[in-house]
Amino acid sequence: MTGETLLLPLSVLVLVGFWYGCFFLANHEIRAAKAAGGWYEGVRQVIAVDTELRTDPPRFPWLWLAPALIITIATVVIGVISYPSMPDVLAVHYGAKGMPNRLAAKSIGTAFSLVFVQVGVTALLVGIAAAILFRSRPDIDPAHPAGSAQWHRRYMLLGAKALLGLLAMIDLAMLGSSLLMWTGTVTPWAPLMVALPILAAVAVAVVVFAGNNRASDEGEEDTGLTHREDDKYWRSGLFYVNREDHALMVPRRFGLGWTLNFGNPRTAMILAGVVALIGLVITLRFAS
């Protein structure tokens, strides 16, 4: 509304800060209530394990990766064919109204900047999908171990497929944005070509996850056991830090999906990959 681009990230930071302040107070009250009410007194805390995840692990859904690979390869091929006829000056960024607001001279780095982003995002999200399937800690309810173990397998596979579907939509958005840049097209719909595929994929993933976020006991007898109390590993209520836990990813305490174990050294590699990808985008897209 104001035309000041900087206000958008600042407003998001303010909202996130306000949200976390509310979460911190609520988390503090819950921990105090658990301690005062003796929630775990007289209750047997255990860790339930599905040993078949090692002897019979789930298969990686390679077919779900195919669309992302096809789109990325198509982007490369179209870019190589179109490179000689591209304008000498490329529009590398579009404003909210679809008008180019950043230009750069044609070069391999500029013209194929989004292709490099495609490759980086593909490698990163495929790695995370593999970590969900093979390096995440199973979320098995000790009260209903058999039913929750079966649900966890389905949920892991669903999570990997959803992530690969999101990857395909991100690559599709990069293809659309590249076509705009390569042809010099100016249209008010330019921002939507990037935003709509990604938002649609996120919306579908959230709906699917929300509909499968809880395991049903399916008539299984309650064992009377409960999860181990692990508040001490959740720093500030959000970040899981446990060096003794070898899992790279663990189930989120609330919401959907998984979060990283910041006590695992491999987490630093993932974060380094994210930082490198952001640095690549800044270097190729904004430095020019």
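Let's start with a helix pair: α3 and α6 pack at an angle of about 15°, with their axes 7 Å apart. Axes here are lines fitted to C-alpha atoms, for helices over the stretch in contact, and angles run from 0 to 180 degrees between N-to-C directions. α3 and α6 are therefore roughly parallel to each other, a label for angles under 35 degrees, while over 145 is roughly antiparallel, 65 to 115 roughly perpendicular and the rest oblique. Their crossing is left-handed, meaning that the near helix is turned anticlockwise from the far one by less than a right angle (clockwise would be right-handed).

A word on what you're looking at: this is a predicted model, where local features need pLDDT of at least 70 and side-chain atom pairs count only at pLDDT 80 or more, while totals for chains, interfaces and linings use all residues. Residues are numbered from 1 along each chain as its sequence is written, and side-chain values use heavy atoms, with hydrogens and water left out.

Back to the pair. On the α3 side, the residues that meet α6 include Trp64, Leu65, Ile71 and Thr75, and on the α6 side they include Leu164, Leu167, Leu175 and Trp182. Contact means heavy atoms within 4.5 Å.

α3 also packs against α5, at an angle of about 165° and with the axes 10 Å apart. That makes α3 roughly antiparallel to α5. This crossing is left-handed too. Among the residues making the contact are Leu65, Ile71, Thr72 and Thr75 of α3 and Val115, Val119 and Val126 of α5.

Now step back for the whole protein. There are 8 helices and 8 strands; helices (H or I, at least four residues) and strands (E, at least two) are DSSP runs, numbered from the N terminus. The C-alpha atoms fill a box of roughly 75 × 45 × 35 Å along the principal axes. Of the 288 residues, 36% count as buried, which is under 20% relative accessible area, with exposed over 50% and partly exposed in between (1.4 Å probe, protein chains only). Among contacts between residues at least 6 apart in sequence, 70% join residues at least 24 apart.

What sits inside? The largest nonpolar core has 33 residues, and Val121, Leu164, Leu167, Met249 and Trp258 have the most contacts inside it. Elements giving two or more residues to this core include α3 (62-82), α5 (113-134), α7 (190-211) and α8 (265-286), but the largest share, 11 residues, comes from α6. By nonpolar core we mean a set of buried Ala, Val, Leu, Ile, Met, Phe, Trp, Tyr and Cys residues joined through side-chain atoms within 4.5 Å. Tryptophan 258 touches Ile132, Tyr155, Phe209 and Met249, among others, not counting residues up to four places away in sequence. A second, separate core of 9 residues includes Leu90, Ala111, Phe112 and Trp182.

Finally, take a look at two residues in α6. Serine 148 lies in this helix, which spans residues 145-183, and is buried, with a relative accessible area of 4%. The serine 148 side chain reaches the backbone nitrogen of aspartate 141 at 2.9 Å. Proline 145 is also found in α6, but counts as partly exposed because its relative accessibility is 29%. Leaving aside neighbours within four places in sequence, proline 145 is in contact with Ile140, Glu220 and Thr223. Proline 145 and valine 202 are 57 residues apart in sequence and 30 Å apart in space, C-alpha to C-alpha.

Conventions. A polar contact is a pair of N or O atoms within 3.5 Å; within protein, one must be able to donate a hydrogen and the other to accept it, and residues adjacent in sequence count only if both atoms are side-chain atoms.
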